[in-house]
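Good morning, and thank you for coming.

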Amino acid sequence: MRRIYHTGMTTLSGGNLSIREDNGDIWITPAGVDKGKLTPGDIMCIRAGGAVEGPHRPSSEYPFHRAIYAHRPDLRAIVHAHSPALVTFSIARQVPQTNIIPQAQRVCGPVGYAPYALPGSEQLGQAIAATFAQGYNVVLLENHGVAVGGPDLLTAFQRLETLDFCARTLLKARGLGEISTLTEEQLSLLDQQHSLPPEFVPTSHCSRERELRLQIVEIVHRACDRSLMISTEGVASARIDEHSFLITPTGLDRRSLEIEDIVLIKDGCREQGKLPSRSVHLHQAIYDRHPAIGSVMTAQSPNALAYAISPQRFDTKSIPESYILLRDVPVVPYGAQFQRPNEIAAALSAETPVLLIRNDAVLTTGATLMQAFDRLEVAEFSARALLDTLTIGQLVPIGDQEIEALKAKFL
Ligand SMILES: [Zn+2]
């Protein structure tokens, strides 16, 4: 609940969550307690027999939690929130698309829709539960918010956060023209391409490696804090020497990343027992081709990504900071990241340190992790400024002469 509150997906009083135990007991957040400051002792328990235990009243939305569990014995956790982006879709009565990037549809599955009913009413409970009964794990609540279920609380949270991310990205991208989505065939590339590098057993860990592991953990947590990554999206890697680099693992909750989770890649082999990010071949191709690159990040941040799912060009010739750090940002076609990593590596150069992968990610490089992260942050800030211009007037770029002067002085 603290994470939901601190990622801006609920207010102090809104939203609730529950878990169900094997014996049928349901633990649920209380009504009327600050969601930013909940402690374990605040959580209410409703025993299978109906007895209510705990210091508060259970959430007023308990009826719909109970109704969902009654229809879906496989669900063990439910999260409900009124995140602004998902509320926007719910009051426009539209379901956000998740097939805008490869992982999101895998995380969320199909998204259901439940008609409006009075909050806290049995009728709302029945409407939501009926949609969950059709097999949906994620249900948009008309003129209200969203309800998400999962086999555990983290999975439910990740589905919520990923759908919210899609909604935030779509809200930005819709202003840029028609959204490009991925077909089933394109989505399946994600599963096909994951050939794991062979394993090796490291004999020692040098001090540079230990330092870089710590830096990667810190940078990933920072990226989550800055809305540049979410729990299910985002990869960071850093070169140790000409034969080896470190990369974040696949699948793991980014917020829970720890030093020992980072995967060492040496001479094309992976550290024994660990699963590197699916983009390990892409990162490898970039390090092989560019000795000066010391770090690569592939991330999904909503403003920059809006330019990867819409037809408009990401025009960095707007303010000096954008152009100096990002230069021109090309878009490479979807699929290259899986099937032709060398093509993406070849698109990068000293003059092209950042690019967009169509319907997937913003990719930044740098001599160090800090530089790659800075470029990611500048890409997101620049994209946000460009997109917000749409609501107040026309974007006026700086001229070719001014760009030449920037190059002469800074590049
Ligand atoms: Zn609600």
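Let me begin with a term: a residue is called buried when its relative accessible area is under 20%, exposed when that area is over 50%, and partly exposed in between, with a 1.4 Å probe and protein chains only. Helices (H or I, at least four residues) and strands (E, at least two) are DSSP runs, numbered from the N terminus. This is a predicted model, in which local features need pLDDT of at least 70 and side-chain atom pairs count only at pLDDT 80 or more, while totals for chains, interfaces and linings use all residues. Residues are numbered from 1 along each chain as its sequence is written, and side-chain values use heavy atoms, with hydrogens and water left out.

I turn to helix 3, which spans residues 84-91. Its buried residues are Ala85, Leu86, Phe89 and Ser90. Why do these lie on the same side of helix 3? They do so because they cover an arc of only 140° around the axis, the arc being that of the directions from the helix axis to the C-beta atoms. In general, an α-helix has 3.6 residues a turn, so residues three or four places apart point the same way. On the other side of helix 3, Pro84 and Ile91 are exposed.

What covers the buried residues of helix 3? The cover includes strand 6 (111-114), strand 7 (138-141), strand 8 (145-150) and helix 6 (153-173). After helix 3 comes Arg93, with a positive phi near 55°.

Strand 7 holds Val139, which counts as buried because its relative accessibility is 0%. Contact means heavy atoms within 4.5 Å. Beyond its neighbours within four places in sequence, Val139 is in contact with residues including Gly112, Tyr113, Phe132 and Val146. Between the C-alpha atoms of Val139 and Gly149, 10 residues apart along the chain, the separation is 8.8 Å.

Next, the metal site. The zinc ion is coordinated at 2.1 Å by the NE2 atoms of His80, His82 and His144. Donors are N, O and S atoms within 2.8 Å of the metal (3.2 Å for Na, K and Ca); water is not among the atoms, so sites may look incomplete. Along the chain, the donors of the zinc ion follow the spacing H-x1-H-x61-H. Is His80 buried or exposed? His80 counts as buried, because its relative accessibility is 0%, whereas His82, at 32%, counts as partly exposed.
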